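Please open the structure in your viewer and keep the selection tool at hand, as this tour moves from one selection to the next and says what is there.

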Amino acid sequence: MAAQSDGGKAGVGCGGGGGFAQLYDVDAEEPLDSAAIHICQCCRSSACYWGCRSACLGSLLGRGPPTGGVGVRETHCPPREQLWLDCLWIILALLVFFWDVGTDLCLAVDYYQRENYLWFSLTLFFVLVPSVLVQILSFRWFVQDYTGGGLGEVEGLTKRGTVALGCLYPGRDRLQLVTIWLWQATIHVLQLGQVWRYIRTLYLGLMSRRQKEHQRRWYWAMMFEYADVNMLRLLETFLESAPQLVLQLSIMIQENRAETLQCISSLASLLSLAWVLASYHKLLRDSRDDQRSMSYRGALLHLFWRLFTISSRVLSLALFASLFHIYFGIFVVVHWCAMAFWVVHGGTDFCMSKWEEVLFNMVVGIVYIFCWFNVKEGRTRYRMVAYYIVVLAENSILTGLWYAYRDPVKTDSYAIPALCSVYLTFAGGVLVMLLYYGFLHPATAHLQPSPASSCCAQLLWGLPLPPSAPPTAPPTPAHMAKSQTEEDVAETCLPVFQVRSMPPISKPEGPLIKIDMPRKRYPAWDAHYVDRRLRRTINILQYITPAAVGIRYRDGPLVYELLQYESSL
């Protein structure tokens, strides 16, 4: 299962998993099983790993070092993000989806009743076409996950594994298979594929917290499902909500009046755009163990940053489109081509095949029409500054042309407030962005593990971390074989009552999937999120073996692991 990628070595960090972090029950008499979740040895909770929010990370922020080293903390951890926050985030995302699509459909019906057939057609077009495309992609993913060879493509499995496959598909009889396929076909025909994925994510997340047996399976099923629905929502939002927002604002400006339903629909589209971007970036960070996860406070600030900057951009586009219809289309196409070329020139590495990468770059070009979207690992400040300078210049030109050629009789009442709104919202978005990056942006994990991440990584493997290498050259075998004198031995002799270190705990043996490719750099998804074959293999092996399934990429340190998955890419 090889793919070509421009990857690189990543450092050991204290990453996080998306919502529903499985916290250790401190009141329970028995710890979780070894196949479930790993616990921070500083505070006996997984909060250290899930988002770097526990007290054992307080030393990194100047709040005092963790006490006790490896073992049980005597003090209590600070309040952790609870299960209700994870559930609330997904429920709110589902409500925003219903609000956005529902108001657009109601607005289309209103245009039809008022015999505005042009606005009715355009509004309905931007609702149905993106929805159909996303449902086709979602159903295709379902087909790839549910079919495609199963154990026949997994090497090294015995006949015992074939019998155990019944655990993965409990209803192998024809009736249940037909029921599953009919259910999936029905919900996708009704354009409810994303709704079903949100509900399933919520269910899997709750089960990963409540089921002490096979927690690892529930959790990764939730992570895979949540990643799918976020990618689908990102695609649909910029194909549906963004054009819909520009369309409705242009209609209101051109007709010189704003209906209540138009305002509600525009607000829903704007909130949907900001919410999807914040949710996508939070999940992407949470899914990678080489990046510290984003807190909900950071996600909320990220949401307001997107709200302000997208508002400024969309308002300037709508003002220009209300007068220059043809030139607006030309501007959008030219800007999209320029941004897509910029993305291609930067060399992205998101997808598993070349044509998927080209399609992804085209979609990112659409996203860049409205807002900034990071697609390349490394320092983004210069690229972001260049992008916002271009956007500010474009907004100034678009609004300036509108102001110069507008009808003063119709637009004098709101011309100056509209211009002020464009620049004030842009300035507000930049200010919130600076606050986010200055205070709530998760710091990138360093190559050398921190004390808090060390305990997590040590517990992941059950093995102590290797000592940090000095900046000099590594010792040669001749140095290692150098004999010591008796004085040297006496000077380095340990005290009689020195407590000996615990012997390393052997890592439970389990199936190991070796991938002949490097791990993708942030902000790209890991291969086991975007490659459906690899994901299906992982799911099968999880159900036929009690041990943890390992994933080993081409390069990387031995102790680098994503949960119970090896990731020496």
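In this predicted model, begin by selecting residues 325-346, which form helix 9, together with residues 381-405, which form helix 11; the two pack at an angle of about 170°, and their axes lie 14 Å apart. Because an angle over 145 degrees counts as roughly antiparallel, helix 9 and helix 11 are roughly antiparallel to each other. To see where they touch, show the side chains of Phe331, His335, Met339 and Trp342 on helix 9, and those of Arg383, Tyr387, Glu394 and Leu398 on helix 11. Sorted by class, this contact of helix 9 with helix 11 has five nonpolar residues, one polar residue and two charged residues.

Next, select helix 5 (residues 193-210) and helix 6 (residues 215-255), whose axes come within 8 Å and cross at roughly 155°. Helix 5 and helix 6 are therefore roughly antiparallel to each other as well, and their crossing is left-handed. Residues that make this contact include Arg197, Tyr198, Thr201, Leu204 and Ser208 of helix 5, and, from helix 6, Trp218, Met222, Glu225, Val229 and Arg233 among others. By class, the contact of helix 5 with helix 6 has eleven nonpolar, five polar and seven charged residues.

Now move to residues 260-286, which form helix 7, and pick out Ser266 within that helix. Is Ser266 buried or exposed? Ser266 has a relative accessibility of 8%, and because buried means under 20%, this residue counts as buried.

For the next stop, select residues 296-321, the 26 residues of helix 8, and follow the helix from its first C-alpha to its last, a reach of 36 Å that is close to the 38 Å expected at 1.5 Å a residue. Of these 26 residues, 21 are buried, so helix 8 is largely enclosed by the rest of the structure.

Finally, go to helix 1, residues 83-113, and select Val109 there. With a relative accessibility of 45%, Val109 counts as partly exposed.

Terms used. Residues numbered from 1 in each chain as written. Predicted model: local features only at pLDDT ≥ 70, side-chain atom pairs only at ≥ 80, totals over all residues. Heavy atoms only, no water. Helix = DSSP H or I, 4+ residues; strand = E, 2+ residues; numbered from the N terminus. Buried < 20%, exposed > 50% of the residue type's maximum accessible area, 1.4 Å probe, protein only. Axes fitted to C-alpha atoms, helices over the stretch in contact; angles between N-to-C directions. Parallel < 35°, antiparallel > 145°, perpendicular 65-115°, else oblique. Left-handed = near helix turned anticlockwise from the far one by under 90°. Contact = heavy atoms within 4.5 Å. Nonpolar A, V, L, I, M, F, W, Y, C, P; charged D, E, K, R; others polar. Expected span 1.5 Å × (residues − 1).
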